[in-house]
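Me: I've got a structure here that I'd like to talk through. Can you take a look and help me with a few questions?

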Amino acid sequence: MSSPLDLTGSEERTERTAAQVLADSAERPSEHETPGLASQEAPSEPPDAVDAAEDDGFDDDDDAEDAEDAAPEVSDEIQRATEALKAAEAEDAQAAAEAGDEAEEPEAVILEPEPEPAANEPELQAPTTTRTGEPAEIDPDEMDPDALKVVLRLHQHGHQAYLVGGCVRDLLLGRKPKDFDVATSAHPGEVRAIFRNCRLIGRRFRLAHVYFKGGKIVEVSTFRANPTELEPAAGAEEGQSGEDLLITHDNVFGTAQQDARRRDFTINGLFYDASEGRVIDYVRGRRDLDERFIRTIGDPEIRMREDPVRILRAVRFAAKLDLDIESRTYAAMEGAVEDLPRCAPARLLEETFRLIRGGVSAPALKLLAALDALKILLPPVDAYLREHGKEGEQTFYAFAQALDRRVSAGEVLDDAILLATLLVPISRAQPPQEDAQDDGRASVSRVIEDLLAGFVESARLPRRIAERCRMLLLMQRTLSGERRKKTGAFRRHPLFNEALAVYAMTVEATGEGREALEAWQAGEVPPARAGASGGGDAEGPRRKRRRRRRRRGNGSSEGGGAERPAPAGSDAGEG
């Protein structure tokens with residue numbers, strides 16, 4: 001949407017996304033809310049049925065008395081993780097409520113659609129030809145009609161207004177833009193005065209959101225200038241070298257040309273004047289699009305040091321648009337990697353997720369690895385690739401490619417699923433911690449625990465997403481047959497389908513476990529893996545101890561068996 005220099009806008013969108021994402025699972029039932037069978041009295045079962053259950057290796061979920069004894073063992077680790085997830089959801093919801101955007105206006109009530117133009121009001125319509133009679137450089141039919149309406153209405157009120165950034169770039173490349181943004185000479189208050197379905201957002205730099213039917217939003221920003229091109233602040237001490245070029249604010253209004261020059265790459269600095277049907281190119285972006293290059297606007301060394309997050313943006317555009325990075329720009333990216341830790345962790349995390357969500361995680365992560373940036377963004381992945389060499393690279397990128405295929409096919413995957421899929425190779429390579437954490441939760445490998453904890457503490461990753469990711473990784477052991485758990489309750493777990501989706505990508509990436517996957521998908525029980533554990537002990541002894549039933553009488557009455565079911569495996573009921 002907005003420029004990469006809009007530090008505030010990116011972080012605010014991250015916060016809003018985190019707040020929205022809390023809602024989708026707040027009402028989900030957990031396995032503990034599922035009505036159990038513990039209160040029902042189990043009927044007597046024939047000995048051969050008991051033996052069959054023993055031979056199968058799974059508990060009979062319809063056996064009420066067994067359910068009473070073993071229900072807490074549905075999965076101790078998953079049960080504790082589920083409780084931690086509920087606590088995380090409540091904590092995130094409370095934090096989001098307390099954090100509210102103080103500088104942001106209250107949510108505007110969406111009014112009825114804009115009225116039809118009056119008889120004496122000129123019709124707002126983009127021309128199909130330029131003033132010289134040539135066809136418009138971009139067909140108006142390819143543009144969003146609501147974004148066009150915003151641009152032409154601003155023109156009608158005497159302001160400059162252009163379609164800007166990614167939408168112009170994508171249209172010139174023959175791609176369908178994800179959204180359409182507008183830049184204008186009108187100040188935010190003036191935009192709000194023109195559009196009644198408009199509200200202002202932002203703490204340091206105000207943006208206007210114009211609402212349309214169906215909840216669609218067209219974002220309108222005022223032209224801004226690059227603060228590094230402004231006059232030095234009055235009273236600055238002579239001799240200050242100005243070596244620290246990191247931009248910490250960019251809330252200065254400017255002209256259209258200044259707004260174009262403050263953007264990161266030439267391909268993102270193109271404006272389109274819909275009222276005249278022509279592209280406005282202040283930064284020679286058309287040339288770089290034709291040559292299929294990504295090039296910074298201005299000195300690449302300075303631009304990368306101003307905002308090192310541009311490294312991730314360049315990687316994303318190169319992977320998404322199949323463009324090459326110009327040599328001087330690439331060299332500047334290599335030199336600026338060491339400055340990434342100076343950026344806000346929340347921005348780094350959000351840009352990393354944008355790479356993964358875009359369906360191009362495999363080529364993007366390969367490029368980040370070549371730049372030596374993974375050690376900062378995803379340390380466990382970097383350590384895994386270094387430790388396991390070529391074989392590890394093939395395995396990891398096979399998971400990334402499986403994920404990309406799902407995203408490219410149109411599947412909408414939760415951030416927890418995206419992150420868990422990329423961490424599965426690390427989880428498979430490193431055994432889980434033997435001891436539970438201080439709060440009683442079972443743990444995945446230490447490096448993954450540290451990564452998730454770091455994201456929550458410093459990068460503002462919602463605890464809910466971290467807990468979901470941990471649970472999805474824990475559940476892979478049950479899906480693969482490494483651990484044997486209470487099958488019926490495991491299927492009823494609210495994250496079962498998400499965990500199965502991760503397991504399906506694991507099968508696709510490794511070619512292993514296809515029979516188990518097909519069994520789970522068909523609602524059947526997959527065969528046990530050799531050496532599978534049942535909660536810490538060997539499967540055989542653990543199963544026998546878990547299925548042993550308590551005698552409810554003293555065993556002296558010969559008729560007791562008729563009144564009360566005898567324990568499985570006892571002499572009563574055999575003859």
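Me: Among contacts between residues at least 6 apart in sequence, what share joins residues at least 24 apart?
Reply: Keep in mind that this is a predicted model. The protein has 575 residues, with 49% of them buried, and its elements are 24 helices and nine strands. For contacts between residues at least 6 apart in sequence, the share joining residues at least 24 apart is 72%.

Me: Are helix 19 and helix 21 roughly parallel or roughly perpendicular?
Reply: Helix 19 covers residues 463-479 and helix 21 covers residues 496-510; their axes sit 9 Å apart, at an angle of about 65 degrees. Angles of 65 to 115 degrees fall in one class, so helix 19 and helix 21 are roughly perpendicular.

Me: Which class of residue has eight members in the contact of helix 19 with helix 21?
Reply: That crossing is right-handed. Two of the contact residues are polar and two are charged, and the class with eight is nonpolar.

Me: Does R204 count as buried, partly exposed or exposed, and what is its relative accessibility?
Reply: R204 lies in the loop that links strand 3 (198-201) to strand 4 (207-211). Buried would need under 20% and exposed over 50%. R204 therefore counts as partly exposed, with a relative accessibility of 44%.

Me: What separates the C-alpha atoms of R204 and V252?
Reply: Along the chain, R204 and V252 are 48 residues apart.

Terms used: Residues are numbered from 1 along each chain as its sequence is written. This is a predicted model: local features need pLDDT of at least 70, side-chain atom pairs count only at pLDDT 80 or more; totals for chains, interfaces and linings use all residues. Side-chain values use heavy atoms; hydrogens and water are left out. Helices (H or I, at least four residues) and strands (E, at least two) are DSSP runs, numbered from the N terminus. Buried means under 20% relative accessible area, exposed over 50%, partly exposed in between (1.4 Å probe, protein chains only). Contact means heavy atoms within 4.5 Å. Axes are lines fitted to C-alpha atoms, for helices over the stretch in contact, and angles run from 0 to 180 degrees between N-to-C directions. Angles under 35 degrees count as roughly parallel, over 145 as roughly antiparallel, 65 to 115 as roughly perpendicular and the rest as oblique. A crossing is left-handed if the near helix is turned anticlockwise from the far one by less than a right angle, and right-handed if clockwise. Ala, Val, Leu, Ile, Met, Phe, Trp, Tyr, Cys and Pro count as nonpolar, Asp, Glu, Lys and Arg as charged, and the others, Gly among them, as polar.
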